[in-house]
Amino acid sequence: MTEPIRFPTKIAVLLRNDLASWQRLNVTAFLVSGIASTLPELVGEEYRDADGTSYLPMFGQPVLVFAGDEATLVGAHSRALTRGLRLAIFTSELFATGNDRDNRGAVQAVGRDKLDLVGLALHAPRNVVDKVLKGASMHP
């Protein structure tokens with residue numbers, strides 16, 4: 001048996017724990033796209049099956065999904081920004097928009113401390129992610 005790989009960093013998503021199932025999936029998909037688009041070094045190589053069919057590459061390390069209440073999300077957001085980390089965010093207003101332009105407009109219309117966050121994603125060293133996500137638990 002081979003030893004499991006221990007990555008020095010974490011890709012983490014934090015979701016507000018009161019979201020509907022479809023919202024959790026939707027928010028997670030949008031948030032990790034922000035990580036993949038800005039950190040292409042985290043994306044592995046293409047997949048190929050035994051017949052030679054190729055498939056799109058994915059992250060080369062796990063994406064850990066956490067849950068927490070509104071206060072946990074606000075605290076994580078604040079701790080991440082204090083540490084100078086770049087985040088992907090998703091606010092409740094984005095459920096009512098239908099495109100990237102309107103999404104960006106909805107976020108830009110609200111001050112940082114008034115964002116109604118329903119999710120965030122980050123990539124950082126393991127211990128930093130652990131500190132930022134203090135109070136969150138693994139998503140059930």
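**View 1. The exposed side of helix α1 carries Trp22, Leu25 and Ser37**. Exposed means over 50% relative accessible area, buried under 20%, and partly exposed in between (1.4 Å probe, protein chains only). Helices (H or I, at least four residues) and strands (E, at least two) are DSSP runs, numbered from the N terminus. The model is predicted: local features need pLDDT of at least 70, side-chain atom pairs count only at pLDDT 80 or more, and totals for chains, interfaces and linings use all residues. Residues are numbered from 1 along each chain as its sequence is written, and side-chain values use heavy atoms, with hydrogens and water left out.

**View 2. Helix α1 has a buried side**. The helix covers residues 21–38, 18 residues in number. From first C-alpha to last, α1 reaches 27 Å, close to the expected 26 Å. The expected span is 1.5 Å times one less than the number of residues. Gln23, Val27, Thr28, Leu31, Val32 and Ile35 are buried here. They share one side of α1 because they cover an arc of only 145° around the axis. The arc is that of the directions from the helix axis to the C-beta atoms. An α-helix has 3.6 residues a turn, so residues three or four places apart point the same way. What do the buried residues of α1 pack against? They pack against β1 (9–16), β4 (63–68), β5 (88–91) and β6 (117–125). Contact means heavy atoms within 4.5 Å.

**View 3. Thr28 lies in helix α1**. Thr28 counts as buried because its relative accessibility is 18%. The side chain of Thr28 reaches the backbone oxygen of Arg24 at 2.8 Å. A polar contact is a pair of N or O atoms within 3.5 Å; within protein, one must be able to donate a hydrogen and the other to accept it, and residues adjacent in sequence count only if both atoms are side-chain atoms. Thr28 also touches Val13, Leu15 and Val65, not counting residues up to four places away in sequence.

**View 4. Five strands form an open sheet**. The strand order is β5-β6-β1-β4-β7, and the pairing is mixed. Which strands lie at the edges? They are β5 and β7 (137–138), each pairing on one side only. Two strands pair if DSSP finds at least two bridges between them. β1 and β6 pair in the antiparallel sense, over seven bridges. Ile11 stands opposite His123 in β6. β1 and β4 run parallel, joined by six bridges. Leu15 stands opposite Ala67 in β4. β4 and β7 run antiparallel, with two bridges between them. The bridge partner of Ala67 in β7 is Ser137.

**View 5. Lys10 and Asp130 form a salt bridge**. A salt bridge is a side-chain nitrogen of Lys or Arg within 4 Å of a carboxyl oxygen of Asp or Glu. By this rule, the count is six. In the Lys10–Asp130 pair, the closest N and O atoms are 2.3 Å apart. The pair links distant parts of the chain, 120 residues apart: Lys10 in strand β1 and Asp130 in helix α4 (residues 126–132). Lys10 counts as buried, at 9% relative accessibility. Asp130 counts as partly exposed, at 43%. Side chains of opposite charge can pair when their charged atoms come close.

**View 6. Helix α3 (residues 100–108) holds Arg104 and Asp100**. The two lie four residues apart, about one turn of the helix. They form a salt bridge, with the closest N and O atoms 3.0 Å apart. Arg101 forms a salt bridge with Asp102, at 3.5 Å between the closest N and O atoms. Arg101 is exposed, with a relative accessible area of 58%. Asp102 is partly exposed, at 32%. Elsewhere, salt bridges that share partners join Arg16, Asp18 and Asp116 into one network.

**View 7. Helix α2 has 13 residues (70–82)**. Its first and last C-alpha atoms are 18 Å apart, close to the 18 Å expected. Thr72, Leu73, Gly75, Ala76, His77 and Ala80 are buried in α2. These buried residues pack against β1, β4, β5, β6 and α4. Just after α2, Gly84 takes a positive phi of about 75°.

**View 8. Gly60 sits in the loop between β3 (54–55) and β4**. Gly60 is in contact with Phe7, Leu42, Val43 and Gly44, leaving aside neighbours within four places in sequence. The C-alpha atoms of Gly60 and Leu85 are separated by 21 Å.
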